[in-house]
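Reader: I have a model open on my screen and would like to talk it through with you. Could you bring up the sequence and the structure before we start?

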Amino acid sequence: MKLVRFGPVGKEKPGVIDEKGQVRDLSSIIPDLCDEHLSAKTMAKLRSLDIGSLPVVDGIPQETLRLGACVTKVGKFICIGLNYADHAAESGLPVPAEPVIFGKWTSAIVGPNDDVKIPKGSEKTDWEVELGVVIGEGGSDISEVDAMKHVAGFCVINDVSERAFQLEGTGTWDKGKGCDTFGPTGPWLVTPDEVGDFNDLGLWLEVDGKRYQNGSTSTMVFKVPHLIAYCSRFMSLQPGDIISTGTPPGVGLGFNPPIYLKGGEEMKLGIDKLGVQCQKVVKA
């Protein structure tokens, strides 16, 4: 299934994409894509539905029909740094011996086609296409063997980053990662059965039509089950939590000289089977 949230900001409703690419309204079945409504039990219930009997939502998704972030009420937005060896190299950093964890504030989350705002004082705003994993069943000390039982689905994340805030001065990476609008999420939440081999998905990002990132999840240093198990050692994972699993090479920081967003650009990014995002970059 491809699950979505559609409608104006703050008034989104849950939906599902049918075989014609139309959105069907799920709001009579579940109140939203969050909390216990991401559980394996709920997903099984949704799979059993006659999708064709649900109301069709007017509009073309991502064109005349706005899509919000594909999950809501996110408790934790967990990010993994330097999880592609070639991205670590372009950042001038060694490949980590264990996953690098940092947080992105949930107030950064926006829809897949909403504007990305360059914050005041920023001169080094950058892009990062990433595979997002949404937790459906909570737990702590999860084993790698059982890790995928805890996954509701996958989605596209743009881990927008302000490099000066992140890397210069004092403090942690979080300062440059969690600015408002720095977490476009979606367009849809795709269930694992539809994704198939999540270890071999192509992912890419373009700015104003020029391709900068072009990678594959096959080159991840730490794979999804390991990341879920590792994170669950240090915190309980809860339904709706997002783990953003790192980015391949081609970020603006990695060029000589670096290339950063100034405002007025258009970012377009996608992952095989998970859809495409497109954001205008504007100054706050």
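Reader: Which residues does Ala 229 touch, not counting residues up to four places away in sequence?

Author: This is a predicted model, and in it Ala 229 touches Ile 142, Ser 143 and Glu 144 once residues up to four places away in sequence are set aside.

Reader: And is Ala 229 buried or exposed?

Author: Ala 229 is buried, with a relative accessible area of 9%, and it lies in helix α6.

Reader: How many of the residues of helix α6 are buried?

Author: Helix α6, which covers residues 224-234, has 8 of its 11 residues buried, so that it is mostly covered. Among those buried residues are Val 224, Leu 227, Ile 228, Tyr 230 and Cys 231.

Reader: What do the buried residues of α6 pack against?

Author: They pack against five strands by name, namely β4 (77-81), β5 (100-103), β9 (129-135), β10 (151-158) and β16 (242-244).

Reader: How far apart in space are Ala 229 and Pro 239?

Author: Their C-alpha atoms are 15 Å apart in space, while in sequence the two residues are 10 residues apart.

Reader: Changing topic to cysteines, how many disulfides does a search of the whole structure find?

Author: The search finds 0 disulfides in the whole structure.

Reader: Now the backbone: which residue does a cis peptide bond join to Gly 186?

Author: That cis bond joins Gly 186 to Pro 187, with omega at about 20°, and Pro 187 sits in the loop between β12 (183-184) and β13 (189-190). The peptide bond from Asn 256 to Pro 257 is also cis, with omega near 0°, and Pro 257 lies in the loop between β16 and β17 (266-271).

Reader: What about Asp 141, what is its phi?

Author: Asp 141 has a positive phi of about 50° although it is not a glycine. Asp 141 is placed in the loop between β9 and β10 and is exposed, with a relative accessible area of 59%. Asp 208 also has a positive phi of about 50° without being a glycine; Asp 208 is in the loop between β14 (202-207) and β15 (210-216), and is exposed at 53%.

Reader: Where is Thr 42?

Author: Thr 42 is in helix α1, residues 40-47, and is buried with a relative accessible area of 12%. Leaving aside its neighbours within four places in sequence, Thr 42 is in contact with Ile 30, Glu 36 and His 37.

Reader: Stepping back to the whole chain, how many helices and strands does it have?

Author: The protein chain has 6 helices and 18 strands, and buried residues make up 55% of its 284 residues. Among contacts between residues at least 6 apart in sequence, 74% join residues at least 24 apart.

Reader: What radius of gyration does the chain have, and what would a compact globule have?

Author: The chain has 18 Å, which agrees with the value near 19 Å that a compact globule of 284 residues would have.

Definitions and conventions. Residues numbered from 1 in each chain as written. Predicted model: local features only at pLDDT ≥ 70, side-chain atom pairs only at ≥ 80, totals over all residues. Heavy atoms only, no water. Disulfide = S-S within 2.5 Å. Helix = DSSP H or I, 4+ residues; strand = E, 2+ residues; numbered from the N terminus. Buried < 20%, exposed > 50% of the residue type's maximum accessible area, 1.4 Å probe, protein only. Contact = heavy atoms within 4.5 Å. Rg over C-alpha atoms; globule rule 2.2 N^0.38 Å.
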